[in-house]
Amino acid sequence: MTKTHQLRTNMSNETLDQAKDILAAMNGQHGILGCLLVSTADGRLLASSLPSDVDTGMIASLCATLFSNNSVSIRKMNRGDLAQMTLVTERGILHFYQTGPAVLVVLTARGQRVSLEGLLRLAEEKGQALSGIMASS
C-alpha cells in the first residue's frame, strides 16, 4: 500500500494536502511507482507518494543534488535553465520536472510497460498544477 506523507515544510497544510493528492493520483499511471516533491533550495522532501518502506528523505536529497548539478551544467553550456530531465536506469525511469521552488520527481517500477510520451505529458500537466498551487500559497 502506498502512503503519502510530508516532512517539514513552509507550505500551508491545504497546499500540502493538494500536492499529496496530485502525487497519489499519479501512482499507477504509465508505470509510475511513486512521486516526490522536493525543494530545490535545500533538498527537503515536501511530499511523497512512494511506498512507506522507501527512505524518501535520502532519495529527495539525492534527487535535489542530481537536478541542481545538471542545472548548473546546462547553464554553463549556454542552454538556458533546466526544465525537465529523464534518467533511464536498469531499475526504471526517474523523470524530473521543475515546479517553481521545487522539483517533481517521478519514479517508475522495473518491468513495467511505460509510455514515455504519456509519462512526460502527465509530469508536465501535474507539474504545472503543482507550480500553480505552490505559487498561490
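Colleague: Let's start with Ser-48: which backbone atom does the side chain of Ser-48 reach, and at what distance?

Modeller: Happy to. For a polar contact, look for a pair of N or O atoms within 3.5 Å. In this predicted model, the Ser-48 side chain comes to 3.0 Å from the backbone nitrogen of Leu-50. Ser-48 itself sits in strand β2, which spans residues 45-48.

Colleague: Is Ser-48 buried or exposed?

Modeller: The cut-off for buried is under 20% relative accessible area. Ser-48 has 0% relative accessibility, so it counts as buried.

Colleague: On to the nonpolar cores. Which residues have the most contacts inside the largest one?

Modeller: The general idea is that nonpolar side chains tend to be buried together in soluble globular proteins. Here the largest nonpolar core holds 22 residues, and Met-26, Leu-37, Leu-104, Val-106 and Leu-130 have the most contacts inside it. At least two residues come from each of α1 (13-26), β1 (32-39), β2, β4, β5 (102-108) and α3 (116-135). The top contributor is α3, with six residues.

Colleague: And which residues does Leu-104 touch, leaving aside those up to four places away in sequence?

Modeller: Its partners include Met-26, Leu-37 and Leu-130. Among the others touched by Leu-104 are His-95, Phe-96, Tyr-97 and Gly-127. There is also a second, separate core of 16 residues, with Leu-36, Val-38, Leu-94 and Phe-96 among them.

Colleague: Last one, the largest pocket. How much space lies in it, and which residues are closest to its centre?

Modeller: Start with the volume, then read the lining. The largest pocket has about 340 Å³ of space. It is lined by 15 residues, and those closest to its centre are Ile-59, Thr-89, Arg-91, Leu-94 and Leu-107.

Colleague: Which elements give two or more residues to that lining?

Modeller: Those are α2, β4 and β5. The most comes from α2, which gives five residues to the lining of the largest pocket.

Note on methods: Residues are numbered from 1 along each chain as its sequence is written. This is a predicted model: local features need pLDDT of at least 70, side-chain atom pairs count only at pLDDT 80 or more; totals for chains, interfaces and linings use all residues. Side-chain values use heavy atoms; hydrogens and water are left out. Helices (H or I, at least four residues) and strands (E, at least two) are DSSP runs, numbered from the N terminus. Buried means under 20% relative accessible area, exposed over 50%, partly exposed in between (1.4 Å probe, protein chains only). A polar contact is a pair of N or O atoms within 3.5 Å; within protein, one must be able to donate a hydrogen and the other to accept it, and residues adjacent in sequence count only if both atoms are side-chain atoms. A nonpolar core is a set of buried Ala, Val, Leu, Ile, Met, Phe, Trp, Tyr and Cys residues joined through side-chain atoms within 4.5 Å. Contact means heavy atoms within 4.5 Å. On a 1 Å grid over the protein atoms alone, a cavity is a set of points where a 1.4 Å probe fits but cannot get out, and a pocket is an open set with protein on both sides within 12 Å along at least five of seven lines; lining residues have an atom within 4 Å of a point. Grid points are joined across faces, edges and corners, and a volume is the space filled by probe spheres set on the points.
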